[in-house]
Amino acid sequence: MVKCLTDFSCWETIAKIAPIGTALIALIAAMIVLRAIWAQMHVARRRASIDFFLKTEIDKTVIDVYNKFKANAPSIAFVPGPLDLTRSDYEDIRAFLDICELIAVGVNEGAFSESVSEAYWGDVIPNAYQTAKQLINNIRNTPGEGSRYTYVNLEKLAKRWAKRTRKATKLVDRS
């Protein structure tokens, strides 16, 4: 080994493999950087989810809208006319569905952590969709109220989370 270093016989071999070593070091560094970026992205999603849910829980208006949704959504399946006495209840239901849609968009587009969102709203989203399903279909078909895209993210997320809930229930029932 010492002879190799003193007469420079192995330097040619080292020089030939040096680019491979440099490339490997660069690849390892890139993988470390990508892993750090990935971890920061997930931390940011979790923080965004928690911040949003904390604000919705503290906001009295949101709590009131949720309570009105629970009270009125089961009994309103059609879009009321502008002079109908149930119009304000309908608007409260729409306000809560809009919040659910916002959460669904956040989860579906990756702005919110799905695991945090599902842990906190995993039962609310599917229940809200199921409760207002007939109304949502009627909103989609009522000109001036919605389109075929109205609450589509809510529907996708509710169905996905409902499947997981059914699977978890089946696992619990078997034991």
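Helix α3 passes helix α4 in a left-handed crossing. A crossing is left-handed if the near helix is turned anticlockwise from the far one by less than a right angle, and right-handed if clockwise. Helices here are DSSP runs of H or I with at least four residues, strands are runs of E with at least two, and both are numbered from the N terminus. The model is predicted: local features need pLDDT of at least 70, side-chain atom pairs count only at pLDDT 80 or more, and totals for chains, interfaces and linings use all residues. Residues are numbered from 1 along each chain as its sequence is written, and side-chain values use heavy atoms, with hydrogens and water left out.

Helix α3 spans residues 60-72 and helix α4 spans residues 87-108. Their axes come within 8 Å and cross at roughly 115 degrees. Axes are lines fitted to C-alpha atoms, for helices over the stretch in contact, and angles run from 0 to 180 degrees between N-to-C directions. On the α3 side, the contact (heavy atoms within 4.5 Å) involves Val62, Val65, Tyr66, Lys68, Phe69 and Asn72. On the α4 side, Asp89, Asp92, Ile93, Ala95, Phe96, Leu97 and Ile99 take part. By class, this contact has nine nonpolar, one polar and three charged residues. Ala, Val, Leu, Ile, Met, Phe, Trp, Tyr, Cys and Pro count as nonpolar, Asp, Glu, Lys and Arg as charged, and the others, Gly among them, as polar.

The structure holds three aromatic pairs. Rings of Phe, Tyr and Trp (its six-membered ring) pair if their centres lie within 6.5 Å; planes under 30 degrees apart count as stacked, over 60 as edge-to-face and the rest as tilted. The ring centres of Phe69 and Phe96 are 4.8 Å apart and the planes stand at 40 degrees, so this pair is tilted. It links distant parts of the chain, with Phe69 in helix α3 and Phe96 in helix α4, 27 residues apart. Phe69 is buried, at a relative accessible area of 4%. Phe96 is also buried, at 1%. Buried means under 20% relative accessible area, exposed over 50%, and partly exposed in between (1.4 Å probe, protein chains only).

Phe96 also pairs with Trp121. Their ring centres are 6.2 Å apart and the planes lie at 20 degrees, so the pair is stacked. Phe96 lies in helix α4 and Trp121 in helix α5 (residues 114-121), so the pair ties together parts 25 residues apart in sequence. Trp121 is buried, at 5% relative accessibility. Tyr66, Phe69, Phe96 and Trp121 form one aromatic cluster.

Two further sites lie later in the sequence. Gln134 is found in helix α6 (residues 124-140). It is partly exposed, at 42% relative accessibility. The C-alpha atoms of Gln134 and Ile76 are separated by 8.7 Å, although the two residues are 58 apart along the chain. Tyr151 lies in the loop between α6 and α7 (152-174). Its phi is near 60 degrees, a positive value in a residue other than glycine. Tyr151 is buried, at 3% relative accessibility.

Overall, the chain has seven helices and zero strands. Buried residues make up 31% of its 175 residues. Among contacts between residues at least 6 apart in sequence, 71% join residues at least 24 apart. The chain exposes about 11,700 Å², of which carbon and sulfur atoms supply 63%. Accessible areas come from the Shrake-Rupley method with a 1.4 Å probe; for residues, only the protein chains shown count as cover.
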